[in-house]
Amino acid sequence: MKRHPASTGKEGREREGGCISKSGELFFRTNTQICSIAKAIYFLTKLLLCAGGIYCQSERKMSRVPGKNPWIDLFTKRVEEMEFEARWTLNFNYSLCPVLDGEQRREGWKIYKTSAFGRFDCRCSNSWSSAHVVILFHYRLRKKRGLVLIRLLRQGCRDCWDSPELKPQVTHPQIQKVFDRLIQKICKNCYGETVEEIERVLEHRKTKPHETSFCEACKLGICRNQADAVN
Ligand SMILES: [Zn+2]
Ligand SMILES: [Zn+2]
């Protein structure tokens, strides 16, 4: 069968669609209009999806803007004070594993786990203090870029039927102490410096008994062992 001369492209496709019916130009126009509307809907959808993507991205970036998050803010200040040659950044990652696999180790990742004193405030008005705010870090220095990933282990509310997992509220002095210890690890493990380990003076604070079944760190087996004592 002989093929028609090439009628590729928009014009050819429209004509093909428009000429199937012999009811005249009106149908052709209507069909073209439908095509235009469909295209408009398509582009509008794309635009909305794109705008949504940009919005989500800007939301993600928001949490990294210094001043918006105390962890990011205090980390940025702390590494500036250290005057490292490398640029160090901190990112949240709530799927960090409590152990490194072989590949991560080969890629230079190190791990550090510590704890702090913090508070949890649920929307149901229940709130509690905890010496079991566990903080997990993965960190590495590569090609003059330092990256720290942080995961704050969450706790669930015992009074809520769906027990929402809540992120801890930690005071600035507590966060600073956490970063003092992390920076020591970085100096030792990424720069080979000899550092004297900061001895943690554990202070007893009165809190309710630790609810292991509502604690993410307990479920992962990385919760702190000493009960209700923190520096
Ligand atoms: Zn609650
Ligand atoms: Zn726990």
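User: Let's start with D121: how accessible is that residue?
Analyst: This is a predicted model, and in it D121 has a relative accessible area of 43%.

User: How many salt bridges turn up in the whole structure?
Analyst: Nine. One of them joins R151 and E216, where the closest N and O atoms are 3.3 Å apart.

User: Where do R151 and E216 sit?
Analyst: R151 lies in strand β4 and E216 in helix α6, residues 216-220, so the pair ties together parts that are 65 residues apart in sequence. Strand β4 covers residues 145-152.

User: Is that pair buried or exposed?
Analyst: Both R151 and E216 are buried. For R151 the relative accessibility is 8%.

User: What else does R151 touch?
Analyst: Leaving out residues up to four places away in sequence, its contacts include N93, Y94, S95, V134, I135 and L220. L96 is on that list as well, and its backbone oxygen lies 2.6 Å from a polar atom of the R151 side chain.

User: OK, what about E211, which partner does its side chain have?
Analyst: E211 meets R158 in a salt bridge, at 2.6 Å from N to O. The two are 53 residues apart: E211 is in the loop between β7 and α6, while R158 is in the loop between β5 and β6.

User: How accessible are E211 and R158?
Analyst: E211 is partly exposed at 29%, whereas R158 counts as exposed at 55%.

User: Switching to the metal: what coordinates the zinc ion (ligand 2)?
Analyst: H210 through NE2, plus C215, C218 and C223 through their SG atoms, at 2.1 to 2.3 Å. Along the sequence, the donor residues follow the spacing H-x4-C-x2-C-x4-C.

User: Why is the arrangement called tetrahedral?
Analyst: The four donor atoms subtend angles of 104 to 113° around the zinc ion, and that is what makes the arrangement tetrahedral. For reference, the ideal angle for four tetrahedral donors is 109.5 degrees.

Note on methods: Residues are numbered from 1 along each chain as its sequence is written. Chains are lettered from A and ligands numbered from 1 in the order in which they are written. This is a predicted model: local features need pLDDT of at least 70, side-chain atom pairs count only at pLDDT 80 or more; totals for chains, interfaces and linings use all residues. Side-chain values use heavy atoms; hydrogens and water are left out. Donors are N, O and S atoms within 2.8 Å of the metal (3.2 Å for Na, K and Ca); water is not among the atoms, so sites may look incomplete. Four donors count as tetrahedral if all angles lie between 85 and 135 degrees; four count as square planar and six as octahedral if opposite donors are over 155 degrees apart and all others between 65 and 115; anything else is irregular. Helices (H or I, at least four residues) and strands (E, at least two) are DSSP runs, numbered from the N terminus. Buried means under 20% relative accessible area, exposed over 50%, partly exposed in between (1.4 Å probe, protein chains only). A polar contact is a pair of N or O atoms within 3.5 Å; within protein, one must be able to donate a hydrogen and the other to accept it, and residues adjacent in sequence count only if both atoms are side-chain atoms. Contact means heavy atoms within 4.5 Å. A salt bridge is a side-chain nitrogen of Lys or Arg within 4 Å of a carboxyl oxygen of Asp or Glu.
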